[in-house]
Amino acid sequence: MKYQKILENEEYKKYLEKICYLEKDRIYCKHDLIHSLDVARICTIMMYEQGKAVSRDIVYASALLHDIGRFKENTENHEALSVDIAKNILPVCGYTNSEISDIVEIISFHRGNYSIKQIDELVMLGKLDLKESFRIADQLSRNCFCCKASSSCKWKEENKSTNIMM
Ligand SMILES: [Fe+2]
Ligand SMILES: [Fe+2]
């Protein structure tokens, strides 16, 4: 459980706290620890449902770190910033170079733009690799079907979940 060390990392704690402060009055989806854990768990379920093994150390580290670059206000590319931070934090948490490169790859391409119809089809086919499962999990972690801000949210209508999918 190397990912537990990320939670205890001072740099990580500082950025996460900053994100929570910046988003305290945000009516749209937040990027807090709850979001990260939702993504990790949904991604794990998706992989298991496809009969695929997953490394918790990889999935949870990717989830904890994927949005951490959002501590910087108005950043266009939070993925790149999250990658930079991940590269600092992961080695001190005991991650190997090969694990770090897998995690960096997942974080770099985590922004999905799938319609719910596409997600349904892809999940049914059961051929999603970890990177794609993660991207979809990031999207499915958002409970648009019960979100009070949904009507003014900039997400495309077809990308918003209409029920609990995972
Ligand atoms: Fe993100
Ligand atoms: Fe996210």
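Colleague: Which helices do the buried residues of H6 pack against?

Modeller: They pack against helix H4 (56-65), helix H5 (78-92) and helix H8 (130-140). Helices here are DSSP runs of H or I with at least four residues, numbered from the N terminus. Two residues are in contact if their C-beta atoms, placed from the backbone, lie within 7 Å. Bear in mind that this is a predicted model: local features need pLDDT of at least 70, side-chain atom pairs count only at pLDDT 80 or more, and totals for chains, interfaces and linings use all residues. Residues are numbered from 1 along each chain as its sequence is written, with chains lettered from A and ligands numbered from 1 in the order in which they are written.

Colleague: Which residues of H6 are buried?

Modeller: Buried means 20 or more other C-beta atoms within 10 Å of the residue's own, exposed means 12 or fewer, and partly exposed is in between, with C-beta atoms placed from the backbone. In H6, Ile103, Ile106 and Ile107 are buried. Looking down the axis of H6, the buried residues fall within an arc of 95° (taken from the directions from the helix axis to the C-beta atoms), so they line one face of the helix. Asn97, Ser98 and Ser101, on the other side of H6, are exposed.

Colleague: And how do I describe a packed pair?

Modeller: Two packed helices are described by the angle between their axes and the distance between the axes. The axes are lines fitted to C-alpha atoms, for helices over the stretch in contact, and angles run from 0 to 180 degrees between N-to-C directions. For H4 and H6, the angle is about 45° and the axes are 9 Å apart. That makes H4 oblique to H6; under 35 degrees counts as roughly parallel, over 145 as roughly antiparallel, 65 to 115 as roughly perpendicular, and the rest as oblique. In this pair, Asp57, Ile58, Ala61, Ser62 and Leu65 of H4 meet Glu99, Asp102, Ile103, Ile106 and Ile107 of H6.

Colleague: At what angle do H5 and H6 pack?

Modeller: About 160°, with the axes of H5 and H6 9 Å apart. H5 and H6 are therefore roughly antiparallel to each other. Residues making the contact include Val83, Ala86 and Leu90 from H5, and Ile100, Ile103 and Val104 from H6.

How values were computed. Helix = DSSP H or I, 4+ residues; strand = E, 2+ residues; numbered from the N terminus.
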